[in-house]
Amino acid sequence: MAKCAGCNSKVEPGMVRCASCGVDLARPGAFLQTLGFVVVAISTVPFALGEVVSSEGNHLPLIAGGAILAVGVAAILSARSKNRGVAPRVIEDAVADEPAAN
Ligand SMILES: [Zn+2]
């Protein structure tokens with residue numbers, strides 16, 4: 001289970017705001033990182049297309065795919081550097097969730 005770093009209340013996975021104290025649980029780079037992963041996923045489309053048309057000497061989809069991939073990776077790296085130095089707002093506490101042994 002996870003706990004809010006501010007008030008120690010239990011927080012559900014995926015929650016963006018603590019139900020108890022209202023603190024913003026999402027890290028500052030979280031959205032940018034998600035966006036980066038989406039962009040990287042999108043870059044597979046021109047790569048797949050390039051696989052089909054490259055036999056005809058058309059490498060434009062591969063170039064476009066590479067450019068999109070680079071943008072996505074840059075977004076993820078930028079998000080990671082944003083998150084660095086930011087204290088975690090959710091404390092993962094796996095032990096507390098274990099049922100008591102008899
Ligand atoms: Zn809280």
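Welcome to this structure, where the axes of helix α2 (residues 44-53) and helix α3 come within 8 Å and cross at roughly 165°. That makes α2 roughly antiparallel to α3, a label given to angles over 145 degrees, while angles under 35 count as roughly parallel, 65 to 115 as roughly perpendicular and the rest as oblique. This is a predicted model, in which local features need pLDDT of at least 70 and side-chain atom pairs count only at pLDDT 80 or more, while totals for chains, interfaces and linings use all residues. Residues are numbered from 1 along each chain as its sequence is written.

**How helices and axes are defined**

- Helices (H or I, at least four residues) and strands (E, at least two) are DSSP runs, numbered from the N terminus.
- Axes are lines fitted to C-alpha atoms, for helices over the stretch in contact, and angles run from 0 to 180 degrees between N-to-C directions.

**Helices α2 and α3**

- The two helices, α2 and α3, cross in a left-handed way; a crossing is left-handed if the near helix is turned anticlockwise from the far one by less than a right angle, and right-handed if clockwise.
- On the α2 side, P46, F47, L49, G50 and V53 make the contact, and they meet P61, L62, A64, G65 and I68 of α3. Two residues are in contact if their C-beta atoms, placed from the backbone, lie within 7 Å.
- Sorted by class, the contact of α2 with α3 has eight nonpolar, two polar and no charged residues. Here Ala, Val, Leu, Ile, Met, Phe, Trp, Tyr, Cys and Pro count as nonpolar, Asp, Glu, Lys and Arg as charged, and the others, Gly among them, as polar.

**P61, a residue to look up**

- P61 lies in helix α3 and touches P46, L49, G50 and V53, not counting residues up to four places away in sequence.
- P61 is partly exposed, because 18 other C-beta atoms lie within 10 Å. A residue is buried with 20 or more such atoms within 10 Å, exposed with 12 or fewer, and partly exposed in between, with C-beta atoms placed from the backbone.
- The C-alpha atoms of P61 and A87 are separated by 41 Å, and these residues are 26 residues apart along the chain.

**Helices α1 and α3**

- The axes of α1 and helix α3 (residues 60-83) come within 8 Å and cross at roughly 160°, so α1 and α3 are roughly antiparallel to each other.
- Helix α1 passes α3 in a left-handed crossing.
- Residues making this contact include L32, L35, F37 and V40 of α1, and I68, V71, A75 and K82 of α3.
- By class, the contact of α1 with α3 has 13 nonpolar, four polar and one charged residues.

**F37 and A70**

- F37 lies in helix α1, and with 14 other C-beta atoms within 10 Å it is partly exposed.
- A70 belongs to helix α3 and is partly exposed too, with 13 C-beta neighbours inside 10 Å.
- From C-alpha to C-alpha, A70 and F37 are 11 Å apart in space, and 33 residues apart in sequence.
- F37 and V11 are 26 residues apart in sequence, with 25 Å between their C-alpha atoms.

**The loop residue N8**

- N8 sits in the loop between β1 (2-4) and β2 (10-11).
- Phi of N8 is near 65°, a positive value in a residue other than glycine.
- N8 is partly exposed, with 13 other C-beta atoms within 10 Å.

**Confidence**

- The mean pLDDT of the protein chain is 85, and 90% of its residues reach 70 or more; pLDDT is the predictor's confidence in each residue, from 0 to 100.
- In the protein chain, confidence is highest in helix α1 (residues 30-42), at a mean of 93, and lowest in strand β3 (residues 90-92), at 83.
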